[in-house]
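Please look through the sequence and the model below before reading on.

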Amino acid sequence: MKKILKQKKICILADSFLPVKNSAAGMIYNLARFLKNENFEVICIYGGINPKNFPNRFLSYDISDLQLINSDFFQRKRSQNIYIRFFAEIFLSISLSLKIISNKKVIKDIDIILWYGPSSFLWLPIFFLKKLTQSKVIYIVRDLFPEWLLSVGLIKKNLIYYFLKFLTFPQYIIPHFIGVESKGNLKLLRNKISKGIKLDIIYNWPSLVDVTYNKKSLSRKKKLYLKEILNNGIQIKKKKLVSSIYIGNTGHAQNFEENMNYLSKLDNIKNIFIDIFSPQKLDFKFQTGIKFRSWKGVDDNLIPSFITKKDFGIVSLHNNLHSHNLPGKFVTYVQFRLPVLSISNKNTEISKIISKYNCGEFIDINDNFELNSKKLKDFIV
């Protein structure tokens, strides 16, 4: 008789999962679906809601053949501000660790553990997973923490910085392999990890794979929301304005308020309308000259309906951010062949990629004002 091969079991651990409205959640879902379609058994352990409690919110997604273990403890507080988020990350780490211990029978025969950042505090549940399963750990890093807090000025190089560095240091010693999203981060991380851990680049993948969807499957509320978005787009075109879009977080790392206010001073900005889709409450005070509408976060399965009708997508990053992130929104824009306007440091990976592949334009707020005005003018013509 032929020997029956055991189906490999892969565990994905992350701080979020669908239906959270961010690119990381979509990327985790698509990774899980890809692995499942490749005949792996997939377990997702995450911070977020349980589909058994909110089945209607998962109707657009195929999760029937995935094993899901979740913790929604303190999850609603994570987006309030960075200080509350710190404690939420700690609580999530502890909560998921307890979930893992209580589900030992489910996770005991895992072959590979995939840990997806950005949360650097999830090393604790990863530690328990590794001990209980004796599996290899692959860590996909997003943000270098706490270095990014230091670079954007949220903390100084004092006791707090070194405490956070000590608290999150196990993230660099527990994994067997660490993947970063750019060549720049590869250089930054080489000196932080032990020689026994492999390090390489794992570029971001799309948060949207199947760009078609069944409109009939949408709830009445989502249909009305989509209709409002599309009608707003029609009005923008009637006014002969250039239509742009911003999707995602608007926090400290994005430096969104300052970057948008800088844009508002440039020539030709009055010809641009920005639709801002963010899960965070937008209470910024933009200066005159910039036309925009702030929407709540948008489900990824709605994005294909209107993103192709936009003229360009916007990426905003703090100018002092030293890590070389390639945000999920950038991948989404490029996926739909949407030109990208990035407000970012000219030495970052995203600025270099935009220049190399001629897929948009970047504006460094520390550059000459006239130069940036000309860049914007040439970009929107």
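How many bridges join strand 1 to strand 4? Four bridges join strand 1 (residues 9-14) to strand 4 (residues 112-116), and the two strands run parallel; within this pairing, Ile-10 stands opposite Ile-112 of strand 4. The model is a predicted one, in which local features need a pLDDT of at least 70 and side-chain atom pairs count only at pLDDT 80 or more, while totals for chains, interfaces and linings use all residues. Residues are numbered from 1 along each chain as its sequence is written, and side-chain values use heavy atoms, with hydrogens and water left out.

Strands of a sheet pair through backbone hydrogen bonds, in either a parallel or an antiparallel manner. Here, seven strands with parallel pairing make up an open sheet in the order 3-2-1-4-5-6-7. Strand 3 (67-71) and strand 7 (198-201) stand at the edges with a single partner strand each, so one side of each has no neighbour in the sheet. On average, neighbouring strands of this sheet are turned by 15° against each other, direction ignored.

Helix 4 (residues 123-133) lies across strand 1, strand 2, strand 4 and strand 5 (136-140), and runs at about 175° to strand 4. Axes are lines fitted to C-alpha atoms, for helices over the stretch in contact, and the angles run from 0 to 180 degrees between N-to-C directions.

Helix 4 also holds Leu-132, which is partly exposed at a relative accessible area of 35%; buried means under 20%, exposed over 50%, and partly exposed in between (1.4 Å probe, protein chains only). Leu-132 belongs to a nonpolar surface patch with Phe-73, Phe-87, Phe-91, Ile-94, Leu-98 and Ile-101, and together these residues have about 640 Å² of accessible area. Helix 2 (residues 82-102) gives the largest share of this patch, five residues. Patches are made of residues with over 30% relative accessible area and no salt bridge, with like charges joined within 9 Å and nonpolar side chains (Val, Leu, Ile, Met, Phe, Trp, Tyr) within 5 Å.

The structure holds ten salt bridges, each a side-chain nitrogen of Lys or Arg within 4 Å of a carboxyl oxygen of Asp or Glu. One of them joins Asp-62 and Arg-33 (3.7 Å, N to O); Asp-62 lies in the loop between strand 2 and strand 3 and Arg-33 in helix 1, so the pair ties together parts that are 29 residues apart in sequence. Asp-62 is partly exposed at 35% relative accessible area, whereas Arg-33 counts as buried at 11%.

The side chains of Glu-181 and Arg-142 also meet in a salt bridge (2.9 Å, N to O). This pair links Glu-181, in the loop between strand 6 (177-180) and helix 7 (183-189), with Arg-142, in the loop between strand 5 and helix 5 (147-151), 39 residues apart. Glu-181 is buried, with a relative accessible area of 1%, and Arg-142 is buried at 12%.

How values were computed. Two strands pair if DSSP finds at least two bridges between them. Contact means heavy atoms within 4.5 Å. Accessible areas come from the Shrake-Rupley method with a 1.4 Å probe; for residues, only the protein chains shown count as cover.
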